[in-house]
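Please keep the sequence and the model in view while working through each solution.

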Amino acid sequence: MKPEEYVEQAIDIAIEAGKEIRDIYLKGTFDKEIKSDNTPVTSADIAAHNIITSALQALTPDIPVLSEEDANVPFSERQHWQRYWLVDPLDGTGEFIAGSGDFSVIIALVEHNRPIMGIVYVPMTEVCYYAIAGLGAYKRDNQAEVRIVSRQLADDQDPPLKLAVSRRQDPKSVLKLFSHSKHCELIVLGGAALKSCLVAEGKADCYVRIGPTGEWDTGAAQIIVEEAGGQIMDIELQPLSYNERESLENPNFIVVGSPHLPWDKLLTAEN
């Protein structure tokens, strides 16, 4: 199976789920619960999950689907998966609940513990980011499709940085991570995948996530960022891994557009 043979069908599936999320969002009536990990889940999450998993299982019956909303698969079983779909039906549930519109549908294809295809679809703007390993990263909307590349900064020990941050994050907590940078411009946006895509398309230089996320939050974003020329790493600047341990929780991580910069010096030692 070559991922390019399935990317358009996978994009269509993400769009279908996105339309359902958008309809629920615009109606403004949805059920909300708090999961055991103290994160919210809504009826929109579940509706999107059902659409995506059913469609992917029909598209590729032999490839397992691991979704945030059905992730209770023991490592003893999934460690044997050579290839699987990794899905976050609604990334940015908090933004959905708050009414910001900054949320997305995430579908990734993982092979040998590495994402090889990724899709991030934004229901409220109908923008789709996607990438295939070795074939580049792209941004598509109703008007056109363009290849995206991350912004490559000059090899400077202390460059000015555009930092993507969450609406729910204290800007000071982000700025203190870069205490050696003279100038930092903050770009506020919701949803982890959307901030990663900002880095991929060169509108931000860096996004740091301190706090719990799942592998489904980064799978698609990682291949999009990498194919655009950037990189996603943990705070120790090591690559993220997928389906290699019992826990599906990510470490704290950093998304960078210019991997060649001395990020070990730009980040403070406190991290």
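**Exercise 1. Which residue just after H6 takes a positive phi?**

Solution. The model is predicted. Just after H6, the residue with a positive phi is Gly 202, and the angle is about 85°.

**Exercise 2. Determine how many residues of H6 are buried, and state what follows.**

Solution. 
Step 1. Buried means under 20% relative accessible area.
Step 2. By this criterion, 9 of the 9 residues of H6 are buried, so the helix is largely enclosed by the rest of the structure.
Step 3. The buried residues include Ala 192, Lys 195, Ser 196 and Val 199.

**Exercise 3. Describe the largest pocket, and name the elements that give two or more residues to its lining.**

Solution. 
Step 1. The largest pocket has a volume of about 930 Å³.
Step 2. It is lined by 32 residues, of which Thr 39, Arg 209, Pro 212, Thr 213 and Asp 217 are the closest to the centre.
Step 3. Two or more lining residues come from each of S4, helix H4 (93–98), helix H6 (192–200), strand S12 (206–209) and helix H7 (215–228).
Step 4. The class count for this lining is 9 nonpolar, 10 polar and 13 charged residues.

**Exercise 4. Locate the "binding site" that UniProt places at Asp 88, Asp 91 and Asp 217.**

Solution. 
Step 1. The annotation of these three residues comes from an unreviewed UniProt entry. They are spread over 130 residues of sequence, yet they cluster in space, with a largest C-alpha distance of 6.9 Å. Asp 88, Asp 91 and Asp 217 belong to the lining of the largest pocket.
Step 2. Asp 88 is found in strand S4 (residues 83–91). Asp 88 counts as buried because its relative accessibility is 1%. Its contacts beyond four places in sequence include Glu 68, Ser 104, Trp 216 and Asp 217.
Step 3. Asp 91 also lies in strand S4. With 4% relative accessibility, Asp 91 counts as buried. Among the residues that Asp 91 touches, beyond four places in sequence, are Phe 103, Gly 191, Ala 193 and Asp 217. The side chain of Asp 91 also reaches the backbone nitrogen of Ala 192 at 3.4 Å.

**Exercise 5. Where is Glu 68 placed, and which side chain does a polar contact of 3.3 Å join to that of Glu 68?**

Solution. 
Step 1. UniProt, again in an unreviewed entry, gives a "binding site" at Glu 68, Leu 90, Asp 91, Gly 92, Thr 93 and Asp 217. These residues cluster in space although they are spread over 150 residues of sequence; their largest C-alpha distance is 12.3 Å. The lining of the largest pocket includes Glu 68, Leu 90, Asp 91, Gly 92, Thr 93 and Asp 217.
Step 2. Glu 68 is in the loop between strand S3 (65–67) and helix H3 (75–78).
Step 3. Beyond four places in sequence, Glu 68 touches Lys 35, Val 87, Asp 88, Pro 89 and Trp 216. The polar contact of 3.3 Å joins the side chain of Glu 68 to that of Lys 35.

Notes: Residues are numbered from 1 along each chain as its sequence is written. This is a predicted model: local features need pLDDT of at least 70, side-chain atom pairs count only at pLDDT 80 or more; totals for chains, interfaces and linings use all residues. Side-chain values use heavy atoms; hydrogens and water are left out. UniProt positions are given in the numbering used here, feature names are shortened, and annotations may be inferred rather than shown by experiment. On a 1 Å grid over the protein atoms alone, a cavity is a set of points where a 1.4 Å probe fits but cannot get out, and a pocket is an open set with protein on both sides within 12 Å along at least five of seven lines; lining residues have an atom within 4 Å of a point. Helices (H or I, at least four residues) and strands (E, at least two) are DSSP runs, numbered from the N terminus. Buried means under 20% relative accessible area, exposed over 50%, partly exposed in between (1.4 Å probe, protein chains only). Contact means heavy atoms within 4.5 Å. A polar contact is a pair of N or O atoms within 3.5 Å; within protein, one must be able to donate a hydrogen and the other to accept it, and residues adjacent in sequence count only if both atoms are side-chain atoms. Grid points are joined across faces, edges and corners, and a volume is the space filled by probe spheres set on the points. Ala, Val, Leu, Ile, Met, Phe, Trp, Tyr, Cys and Pro count as nonpolar, Asp, Glu, Lys and Arg as charged, and the others, Gly among them, as polar.
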